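Here is a short briefing on one structure.

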Amino acid sequence: MIEIKNLSKKFQTAEGTVYALKDISLNVKKGDIYGIIGMSGAGKSTLVRCINMLEKPSSGTVLIEGKDIGVLPESKLREIRRNVTMIFQNFNLLMQRNCLKNICFPLELAGVKKKEAREYAMELLKTVGLPDKANAYPAQLSGGQQQRIAIARALATNPKVLLCDEATSALDPNTTNSILRLIKDINKKLGITVIIITHQMSVVEEVCNNVAILDEGRVVEDGPVRAVFSNPKSEAGRKLVFPSGERKEAKHA
Amino acid sequence: MLEKIFSPEAIEETIWIIQNEFPLAIWETVYVTISATAVAIVIGMPLGVMLVAGEKDGILPLPKAFMQVLNVTINLLRSIPFLILMILAFPLTRLIVGTTVGTVASIVPLVIAAFPFVARLVEGSLRELNPNIVEAAQSMGASPLQIITKVMIPESIPSLISVFTIAITTILGYSAMSGIIGGGGLGKIAINYGYYRYKYLVMLVAVALLIALVQIFQSAGTKGAVKSDKRLKQTV
């Protein structure tokens with residue numbers, strides 16, 4: 001479904017060239033829930049933005065269903081982005097539009113008729129469990145509810161891939177779990193491939209089938225979640241799985 | 001001094017002037033202010049959008065040379081004192097209106113003075129917008145034009161109403177100044193009676209009315225900005 005090959009991204013800063021991503025290769029299968037985990041500054045957000053070309057890679061390719069999207073012109077990219085949608089840490093809803101109109105927004109961009117868009121948006125509100133919030137404004141909702149609206153918005157164009165950029169990092173543990181259940185549900189019911197970017201181990205353990213560990217712009221380890229987490233081989237992997245000292249105790253026990 | 005200003009004759013005369021000249025003067029001031037602001041917004045708003053969207057890292061980068069000319073032109077017009085700008089604008093005013101004196105003629109220099117100001121105010125407003133929201137729109141496949149018309153401007157409406165209120169009150173002040181070169185309105189009355197003919201009471205009344213107008217515009221604008229802002233929690 002998604003194939004990333006030898007992807008690198010460098011930024012020019014005042015201090016010189018900084019490599020955010022170095023030679024990344026990943027393979028995400030159709031219908032998978034794939035986690036990309038790493039500490040802050042590991043390059044996760046840059047990586048996920050390369051998957052929908054919000055960031056242009058410096059080198060390497062991103063293939064979606066076998067199609068190299070790096071060579072597409074802007075207008076074609078916009079069509080791809082309807083198939084590869086995204087949710088964010090801070091939800092990024094339009095604050096001056098009510099929930100229904102927020103969900104209609106991507107349909108409006110795609111030129112779908114208003115009435116059709118509204119009907120579908122109402123349906124999506126039910127899917128995310130907030131059928132009574134059509135006329136509420138985002139500021140009137142809790143964080144978890146806002147993220148549900150953002151998920152409904154991301155589903156409006158019937159995407160094949162959902163990218164989650166730290167989607168639960170601003171939420172409390174209970175809300176996080178309910179959002180993760182919703183994502184799992186969507187994955188199962190609609191067959192949408194999900195990529196989850198996070199720094200939280202628990203998120204990956206909860207929903208992901210496969211995981212890649214990102215450290216300083218490199219994939220240091222990847223594979224099935226259970227295999228990677230039960231026996232991390234890389235330094236960064238061990239740091240994530242056994243934060244400060246825990247590992248020593250585990251050894252003695 | 002005070003006794004002279006408030007002497008019975010002065011009061012009587014002032015009342016006569018209030019009855020005969022003020023209604024038209026108020027109307028002229030309001031008319032000039034609102035029409036000059038409206039035209040200044042029509043010209044200044046697109047320029048303000050360009051200043052933000054047309055930047056190198058903006059959503060619709062424009063040629064660097066064009067952006068430089070735009071910036072320099074705006075700064076240049078902003079730095080000329082209004083009194084001098086009115087005189088410099090005479091040829092253009094004559095071209096558009098046919099004369100350089102009178103109420104309608106004073107709209108031209110007002111617009112020239114105000115549109116660069118409006119452009120900068122709009123620029124400031126749009127820059128306040130959370131860039132993540134623009135990114136989210138891009139991630140949904142929005143084109144640059146769609147981002148401008150469906151995200152940047154609608155999301156900035158409360159702030160835009162606030163800055164347009166600043167613009168209208170500033171232009172009201174400028175419009176009073178145009179009384180010096182033959183523009184009509186409360187400014188003309190204040191200058192003609194107060195400055196040239198030492199009828200201070202008339203001037204005071206004119207100034208009081210200008211203050212009242214600013215208050216009215218400002219409260220209406222503030223109310224509009226607050227009411228339009230859906231970020232403030234209010235019951236539906």
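Buried residues account for 40% of the 236 residues in chain B. The model is predicted. Chain B has 11 helices and 0 strands.

**Build of chain B**

- From the N terminus on, the elements of chain B read α-α-α-α-α-α-α-α-α-α-α.
- The C-alpha trace of chain B spans about 75 × 50 × 30 Å along its principal axes.
- Take the contacts in chain B between residues at least 6 apart in sequence: 70% of them join residues at least 24 apart.

**Helices α3 and α6 of chain B**

- Helix α3(B) covers residues 64-79, and helix α6(B) covers residues 107-127.
- Their axes come within 9 Å and cross at roughly 125 degrees.
- The crossing of α3(B) and α6(B) is left-handed.
- On the α3(B) side, the contact is made by I74(B), L77(B) and R78(B).
- On the α6(B) side, I112(B), P116(B), F117(B), A119(B) and R120(B) take part.
- By class, this contact of α3(B) with α6(B) has 6 nonpolar, no polar and 2 charged residues.

**Helices α7 and α8 of chain B**

- Helix α7(B) runs over residues 131-139, and helix α8(B) over residues 144-155.
- The two pack at an angle of about 155 degrees, with their axes 11 Å apart.
- Angles over 145 degrees count as roughly antiparallel, so α7(B) and α8(B) are roughly antiparallel to each other.
- The crossing of α7(B) and α8(B) is right-handed.
- α7(B) brings I133(B), V134(B), A137(B) and Q138(B) to the contact.
- These residues meet I147(B), V151(B) and E155(B) in α8(B).
- The contact of α7(B) with α8(B) divides into 5 nonpolar, 1 polar and 1 charged residue.

**Where chain A meets chain B**

- In the contact between the chains, 23 residues of chain A touch 20 residues of chain B.
- Three elements of chain A each supply at least two residues to the side that touches chain B: α2 (74-83), β6 (84-87) and α3 (99-109).
- Of the elements, α2(A) gives the most to this side of chain A, with 4 residues.
- By class, the side of chain A that touches chain B has 12 nonpolar, 7 polar and 4 charged residues.

Key: Residues numbered from 1 in each chain as written. Chains lettered and ligands numbered in written order. Predicted model: local features only at pLDDT ≥ 70, side-chain atom pairs only at ≥ 80, totals over all residues. Axes fitted to C-alpha atoms, helices over the stretch in contact; angles between N-to-C directions. Left-handed = near helix turned anticlockwise from the far one by under 90°. Contact = placed C-beta atoms within 7 Å. Nonpolar A, V, L, I, M, F, W, Y, C, P; charged D, E, K, R; others polar. Parallel < 35°, antiparallel > 145°, perpendicular 65-115°, else oblique. Buried ≥ 20, exposed ≤ 12 C-beta atoms within 10 Å, placed from the backbone.
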